[in-house]
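The sequence and structure come first, then the details.

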Amino acid sequence: MSHKSACAAVKMGASTTEIQELPLPDLQRHPEGGLLRVEATGLCGADVMWYSRADEPTDQPAILGHHIVGVVEELSDRAASRLSLAVGDRILIEEYLPCGTCVLCREGDYRFCPQTALGDPGALRYGSTPVATEPGLWGGYSEYAFLHERSVWHRLSPETSTEQATLILPLSNGIQWVQWDGGIGYGDTVVIIGPGQHGLCGVIAAQAAGAANIVVLGLPGDEGRLELARELGAAFAGVDTAAALEMIRDATDGQLADAVLDMAAGTTATLEFGLDALRTGGRLLAGVWPAGATPIPLRKLATKRITLRPLRGHSYEAVDAARRAVERGNLPLDLLCT
Ligand SMILES: [Zn+2]
Ligand SMILES: [Zn+2]
């Protein structure tokens, strides 16, 4: 290996980046991993949010980027055996670095493992662990990332384009949140608040699931994304909540929506809108939760028998499903590449 250092974009503080040369890990000292040559890393809504702020989870200098695609460049014997990988393998890695032995890990819910909890000192996670935690290369906006033996990886076909490979994780969230957590299937009506990358991947997942009506709400300034939502299959994409409600009522003969996903605000106002848009027994899914307490309209929630649940990351199965969907090549993901 000729390189001795990696060029990395280190987030130093709110909206501040420094390009730094960081030493590559010495695998004699770090037998718990290897080296991933980063091919590309997608930009997540979380990266944008964390970049603009100085608080947790990136209150210390860190390399952002957790939708990481790369090629295994070097592995310790221990990591090669733990990971069942070899030099030259092309993979994507999830952001989680779970312990693999706690109850949550053993039950398959490794994304909730305390050892990979976001912002917890001592926990490890790609795209937010500080550079001060050795060996420092914990993010995708770098030439190389440390491939820890606790990594959760997925093998990529050589035919999958770099751009589409970086969209597998957002698509997995769309599948997990819309189809599996939201229960959206054939003939259903779903409302997605927030036309960002994840909202649009939610539209793709809803369309693939056979949803009859896909409604997307955004803000003034989101016109390009709302147009894209329509192109991806949304029957309604706009900023007017009253018009959206009227459309949902008309399209469902007054039955209203089966699921509402809030991927944008996490305010009482969006919860209120969601409750108005949902049928009795519908599902309200909270994808963002601002700091502080958000009052919940409990009476309306209870009288309509609404299930409120948070959206938190993706399961292994969802990433695997997204990877296979991308490999089949029949999803319009190229529209999302900018
Ligand atoms: Zn992400
Ligand atoms: Zn665990």
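Glu246 sits in helix H8, which spans residues 241-251. Helices here are DSSP runs (H or I, at least four residues), strands likewise (E, at least two), numbered from the N terminus. Glu246 is exposed, at a relative accessible area of 52%. The classes are buried (under 20% relative accessible area), exposed (over 50%) and partly exposed in between, with a 1.4 Å probe and protein chains only.

## Basis of the model

This is a predicted model: local features need pLDDT of at least 70, side-chain atom pairs count only at pLDDT 80 or more, and totals for chains, interfaces and linings use all residues. Residues are numbered from 1 along each chain as its sequence is written, chains are lettered from A and ligands numbered from 1 in the order written, and side-chain values use heavy atoms, without hydrogens and water.

## Salt bridges

Side chains of opposite charge can pair when their charged atoms come close. The structure holds 15 salt bridges (a side-chain nitrogen of Lys or Arg within 4 Å of a carboxyl oxygen of Asp or Glu). One of them pairs Asp55 with Arg53, at 3.0 Å from N to O. Asp55 is partly exposed at 39%. Arg53 is partly exposed at 32%.

Arg78 bridges to Glu149, with the closest N and O atoms 2.6 Å apart. Arg78 lies in helix H2 (77-83) and Glu149 in the loop between strands S7 (144-148) and S8 (153-155), so the pair ties together parts 71 residues apart in sequence. Arg78 is partly exposed at 37%; Glu149 is buried at 13%.

Glu327 and Arg323 form a salt bridge at 3.1 Å, N to O. They are 4 residues apart in helix H11 (316-328), about one helical turn. Shared partners link Asp320, Arg323, Arg324 and Glu327 into one salt-bridge network.

Gln164 belongs to helix H4 (162-165). Gln164 is buried, at 11%. Its contacts (heavy atoms within 4.5 Å) are Val326, Leu333 and Asp334, leaving aside residues up to four places away in sequence.
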